[in-house]
Amino acid sequence: MSERPILEVDGLTIRYGRLTAVEDLSLAVPQGSVYALLGRNGSGKSSTVRCLLGQQRAAAGRARLLGLDAWENRRRIMTTVGVVAETPNIPPETTADRLERFMAKVSASWDRSKYDSRLERFGVPRQTRFDRLSKGQKRQLSLTAAISALPELLILDDPTLGLDAVARRELFEELVSELADRGTTVFITTHDLAGVEGIADRIGIIKDGHLLIDEELETMKGRFRRLVFSSDEDSLREAVAAEMQPLRSAVAGDADVVVGGFDEGALSRVSQAEPPGQVTAEPMSLEEIFVALCGENGGGE
């Protein structure tokens, strides 16, 4: 994996009239990595993607793909960037065969054999209009077209939306295959946290237009824990509040507390609080961390 950022966002602010959708967002995606931007509906994910694709001009800051300003160089950038949009934008009357002929004309690196083999594996009919395909077939066709152009960067905006469990698994398996074959850089927004946890290198979590997390996945999972208390002694919760960055009040009698600054030394000091008590630290999945940060009672960092 190269350290050269292939996608950069610097101080991005996006407004719709008086509403600020994204404020002062900055992140960088190294070449060959998988970056997952997560957030609840309305958090600013799709607005960020539209700026990355040059479809929307930011109120402040910049978005760069392949070292080029996304707004000023959209046409040039799109020849080397693959996109699967949240709402598929393939014309309704287009068939898979017609799409192949179009993509071969506009893509300098079109791989017909890759396109054909994926269509066959997914069972996407070649002569059926796009608007008559199932949701899963529409997503698979969009992904197949994007991948078969051999892009340097693949941008996926909630690609599993509306898919059943089998189709979601197939889509992520296809991404894993593509990453293994070519090392394509992937920037993905998704609600499928279990699926993306298996492929992401780095995670961004956005809430109300602000970036709460921008961190390597394994580093993030290493510092978040759910602490379970053996007693209701307030001293234990007070010790947690002092030592390990609880995401919500640790002195309100909760049976458990999520912390974002876990380490074994701090756990030992908490367990020795007076009167002594036992505190058990449980690891958390990406989905559990996300809910703790962005749920109704979630806190920021």
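A pocket here is an open set of grid points where a 1.4 Å probe fits, with protein on both sides within 12 Å along at least five of seven lines, and its lining residues have an atom within 4 Å of a point. The legends below describe close-up views of a predicted model.

**View 1. The largest pocket and its lining.** The largest pocket is lined by 31 residues. Those nearest the pocket centre are M78, V81, V83, N89 and M103. Two or more lining residues come from each of α1 (45–52), β6 (81–84), α3 (96–106) and α5 (135–148). The space in this pocket amounts to about 810 Å³. By class, its lining holds 18 nonpolar, 9 polar and 4 charged residues.

**View 2. The second largest pocket.** This pocket has a volume of about 160 Å³. Its lining is made up of L12, C51, Q56, R57, A58, G61, R62, A63, D69, A70, W71 and E72. Strand β4 (residues 60–65) supplies the largest share of that lining, with 3 residues. Sorted by class, 6 of the lining residues are nonpolar, 2 are polar and 4 are charged.

**View 3. The open sheet of β2, β1, β4 and β5.** Four strands make up an open, antiparallel sheet in the order β2-β1-β4-β5. Its edge strands are β2 (19–30) and β5 (68–69), each of which pairs on one side only. Within the sheet, β1 (residues 5–16) is joined to β2 by 8 bridges and to β4 by 5 bridges. Helix α1 lies across β1, β2 and β4, and runs at about 120° to β1.

**View 4. Turns at the ends of sheet strands.** The hairpin of β1 and β2 has 2 residues between its strands. In this hairpin, G17 takes a positive phi near 65°. The bridge partner of R15 in β2 is T20.

**View 5. Strand β7 between β6 and β8.** β7 (153–157) pairs in the parallel sense with β6 over 4 bridges. On its other pairing, with β8 (residues 185–189), the sense is again parallel, over 5 bridges. V83 stands opposite I155 of β7, and L156 stands opposite I188 of β8. V83 is also among the residues nearest the centre of the largest pocket. In a regular strand, side chains alternate between the two faces of the sheet. For β7, one side carries L153, I155 and D157, while the other carries L154 and L156. Both faces are covered, and 5 of the 5 residues of the strand are buried.

View 6. The loop between β7 and α6 (165–182) contains D158. Is D158 buried or exposed? Its relative accessibility is 4%, and buried means under 20%, so D158 counts as buried. The phi of D158 is positive, at about 50°, and the residue is not a glycine.

**View 7. Helix α11 and the elements around it.** Which residues of helix α11 (residues 286–294) are buried? They are L286, I289, F290, A292, L293 and C294. An α-helix has 3.6 residues a turn, so residues three or four places apart point the same way. The buried residues of α11 pack against strands β3 (34–38), β9 (202–207), β10 (210–216) and β12 (256–259). They also pack against helices α7 (193–197) and α8 (217–223).

**View 8. I199 in the loop between α7 and β9.** I199 lies in the loop that links α7 to β9. Its relative accessibility is 11%, under the 20% limit, so I199 counts as buried. Leaving aside neighbours within four places in sequence, I199 is in contact with V34, F172, L175 and V176. S26 and I199 are 173 residues apart in sequence, and their C-alpha atoms are 22 Å apart in space.

Conventions:
Residues are numbered from 1 along each chain as its sequence is written. This is a predicted model: local features need pLDDT of at least 70, side-chain atom pairs count only at pLDDT 80 or more; totals for chains, interfaces and linings use all residues. Side-chain values use heavy atoms; hydrogens and water are left out. On a 1 Å grid over the protein atoms alone, a cavity is a set of points where a 1.4 Å probe fits but cannot get out, and a pocket is an open set with protein on both sides within 12 Å along at least five of seven lines; lining residues have an atom within 4 Å of a point. Grid points are joined across faces, edges and corners, and a volume is the space filled by probe spheres set on the points. Ala, Val, Leu, Ile, Met, Phe, Trp, Tyr, Cys and Pro count as nonpolar, Asp, Glu, Lys and Arg as charged, and the others, Gly among them, as polar. Two strands pair if DSSP finds at least two bridges between them. Contact means heavy atoms within 4.5 Å. Axes are lines fitted to C-alpha atoms, for helices over the stretch in contact, and angles run from 0 to 180 degrees between N-to-C directions. Buried means under 20% relative accessible area, exposed over 50%, partly exposed in between (1.4 Å probe, protein chains only).
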